[in-house]
Amino acid sequence: MNSVAMNAEQARLQENNSTEEPWHFWGPYLAERAWGTVREDYSADGDAWDYFPHDHARSRAYRWNEDGIGGISDHKGRLCFAFAFWNERDPFLKERFFGVSGPQGNHGEDVKELYWYIDNTPSHSFMRMIYRYPQTRFPYEELVAQSGARSKMEGEFELWDTGALDGNFFDIEIEYAKATPNDILIRAIATNCGSEPAILHLLPTIWFRNTWSWGRDNRKPNLRENSKTESKIDIVEATDHALDRYALYCENADEVLFTENETNAERLWGLPNSTPFVKDSINDRVVHGKIDIVNPQRVGTKAAAHYKFMIAPDETRTIRLRLTKIDSPGSTGGPPVLRGGSPRRSSSENPVCEAPTGAREARALPREGPRDAFSDFDKIFLQRAVEADEFYAALAPSSLGEEHRAIQRQALSGLLWNKQFYHYIIEQWLEGDPGQPPPPDERWHGRNAEWRHLHNEHVMSMPDKWEFPWYASWDLAFHCIPLALVDPHFAKAQLDSIVREWYQHPNGQIPAYEWNFADVNPPVMAWAAWRVYQIERKQTGKGDRAFLETIFHKMLIAFTWWVNRKDSEGNNIFQGGFLGLDNIGVFDRNSAFPDGSHLEQSDGTSWMGMFSLNLMRIALELARENHVYENIATKFFEHFLGIAAAMNNLGGQGIGLWNEEDEFYCDVLHTPGGRYLPLKVRSLVGLMPLLAVETIQWQLIEALPGFKARLEWYLANRPDLCSLISRWHEPGMGERRLVALTRGHRMKCLLRRMLDPDEFLSDYGVRSVSKFHKAHPYKLTVRGDEKIVNYEPAESRTNLFGGNSNWRGPVWFPINYLLIESLQQFHHYYGDDFKVECPTRSGNFLTLNEIANELSNRLIKIWLRGKNGERPFERASGNSPNGAQDRQWSPPEPSNMDGKPERASSPRRANQRYLFHEYFHGDTGAGLGASHQTGWTGLVAKLIQQQGEFGTIAKSS
């Protein structure tokens, strides 16, 4: 990257790679839900939801992680900050988002709140989110009762269905701006969106994660109040042996309340408390007026500044705070001295807000005391907002309009907000803590018992910090693709972490997710590493070979695990279980058959074909500088040939996974008696052979004589194998060679079905199950039990995998993204002369690259406004989250240093807010499942980026 052309945020990212204080030391690393998680579950039966329910969260100290609303923490989750609210009608403070648990929801766990991640930079120098808080009593009981009363055939009961958001609510903007890596400005802006004046309590809260109650480290951190200053600034000092000293400056607070982050055993279990000041004391002080329940000495491990406002309709109230590293006070006592600070150049000196030569040029001189804590506050906030605008403006291709830019920016911001400090040390969790009763013995034979080596203590990219506040390895692989656009260093670190010795199992398996680390996720880590390598190389002109080589070596171990564990008969046909596709199959693919039957899985085998080609391609790249890798590249070419052969001849029986009658791939049920029964379900499983494709330039092959010689040997001596893959002898466009599982005829058959609107092709991408099954459900009777697969375009109607995801019809981003990449690869070989009818029966013929563009634009359209102002993702809720406040797109005005126009990064109007759901209705594009899964759905940012670069972005209506 050219340092002369760097903007301020790019310079901060470069500093993150240095030995200086990292800008990512503080970030949005606080979970949104720590209750109901596996790591907090010490039960004998593994019922995590019941062991630590929502009702306990306000009163019970967490063992592993903390949670809160719009919160931040240091990168080890030691010192935490978040917001709490109260409308004087709720039974307790709103300290965390509420949702129903897995057993309570008719489609599993579901957050029942409304909030948007609006903005975030990779260094977290500028962050903004919006929370919509009802002015009426929050309908906790109604949400639980109605969710439990609904069947799986019905939609989910949401907050807006209760009427709690019908005209009377607060929109609360939570914002952060860093002056330096350890000097964080905090602002909350509350707007009364109702028709009457309303009371709102705001309680910005700082606390230490409880590390002292478990008998492993008795050193206790401390919060204490420094004397109130003449300028009405309260100061809370934070001291911990593992951190520098910090101070939270609170401007114009009504009071500051102190307590301990300790469990209220008396409330929960009727047992005496070890201290009168407990985790929910601040709640009881504010809500119930219990004055003596907070610490009068103004010390503790949890503290909150209390603000109370009566806000008129359409008016706002703003509170300002500052969390900063401090020097020790002088020998005469008095307030601490701030270290952090403001930009050295004022807006008049730098009217266009040019980037400093180094990000640390935007630092303050040492401060005199608390009076100065807010003197430069607004200037720093504005400058960081301008710098965020500059960063995203530099990223977005010039062909993008404002609406596409806004969607891309909020998708990337959601990814960055979904970082979380994830803490779960399996051996300690199994053994229990010295200061607590020993856990039940059943746990030694239960969940995750075989993963004792796993030591999670790292900031990880979460799928959704409420619904899925734990990493999932195949989700993580997809997260890293859009993350690499804005922070390749973080993307690489994520992939590197998951294959470290304290993560990857000694047998080579990659950990799946906390509910069952031994579950099998699709092997996409090698693909992700290769794509991140390519993205960084495109950005900087140089790929990180050391990173690629590191991941490659760990993937060799993972590949061996797959071959040894999931190829049950050693015939290159792979199983693997559910492989991330939950309920897509006829059976629960994670369960064993009682009679010893097993599934020969089309997707498992296709994933391994793709894995083989990924490793072959990486080995060829590494062989450019070290010819030893030519041998390994040949090995994976050989593996791929074996998989291609096996897909056409199961067990030497002449039976393949390709079904000639349906002209489609399918799973095959292999019984102990030697029968092979094809399960003719038209699903993504049958399209996945398209994913195993690679093109290689002939110049690369010529540069690697060892690899070339071995290829020629295979071509001459094993024509039976080489004939199974497509077009090796025939050079394509640009003298490329094609290696793919699907031959020309079969590829065309698959594309004919995939591009058929009556089957897979929807207006919003490729469906997970063909619409054919709406009128023609697949039925199979096994020992009197009828199994049925229907086309179900919305939520799941089955209990497979808890019923909280559905792969029987909706559109899912990860597989759509891989299909798009595969089409682009095929086009690299076939070129513009090869065309396919798209949509099927339309008479319109497109190149494979044009089809990839068409699919990309259909996916992007989920967030674009139509002619009536409607956005498809909102359809599941009848547009209730944003209402009909403003259905016309109006682009935000850019920032300037005078602060007069509304900033581009401040979409206060509802029409500039987006949600990024887990999956989407197969017919309408409505958002379904987790509502903040900007994890893999954040891939839309990458699609927008490449469509903008290609100049093929489809304009909004």
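A: In this predicted model, the side chains of D389 and R409 meet in a salt bridge, with 3.0 Å from N to O. The two partners belong to distant parts of the chain: D389 sits in helix α7 (residues 377-395) and R409 in helix α8 (residues 402-417), 20 residues apart. D389 counts as buried because its relative accessibility is 13%, and R409 is likewise buried, with a relative accessible area of 12%. Both values fall under the 20% limit for a buried residue. In general, side chains of opposite charge can pair when their charged atoms come close.

A second pair joins K680 and E661, whose closest N and O atoms are 3.0 Å apart. K680 counts as partly exposed because its relative accessibility is 27%, whereas E661, at 65%, counts as exposed.

R224 forms a salt bridge with E237, and the closest N and O atoms are 3.1 Å apart. R224 is in strand β11 and E237 in strand β12 (residues 233-239); the partners are 13 residues apart, and the pair links distant parts of the chain.

E66, in the loop between α3 (54-57) and β2 (69-74), is buried yet has no salt bridge. The nearest side chain of opposite charge, K279, is 4.6 Å away, whereas a salt bridge requires a nitrogen within 4 Å of a carboxyl oxygen. The side chain of E66 does, however, have a polar contact of 3.4 Å with the side chain of N261.

Charged residues also occur at the surface. D45, D47, D50, D441 and E442 form a negative surface patch. One of them, D45, lies in the loop between β1 (26-27) and α2 (48-51), and D45 counts as exposed because its relative accessibility is 62%.

Technical notes
Residues numbered from 1 in each chain as written. Predicted model: local features only at pLDDT ≥ 70, side-chain atom pairs only at ≥ 80, totals over all residues. Heavy atoms only, no water. Patch = residues over 30% accessible without salt bridge, like charges linked within 9 Å, V, L, I, M, F, W, Y side chains within 5 Å. Areas by Shrake-Rupley, 256 points an atom, 1.4 Å probe, with all protein chains shown as cover. Lys, Arg positive; Asp, Glu negative; His and termini not counted. Charge placed at Lys NZ, Arg CZ, Asp CG, Glu CD. Helix = DSSP H or I, 4+ residues; strand = E, 2+ residues; numbered from the N terminus. Buried < 20%, exposed > 50% of the residue type's maximum accessible area, 1.4 Å probe, protein only. Polar contact = N/O pair within 3.5 Å; in protein donor to acceptor, adjacent residues only side chain to side chain.
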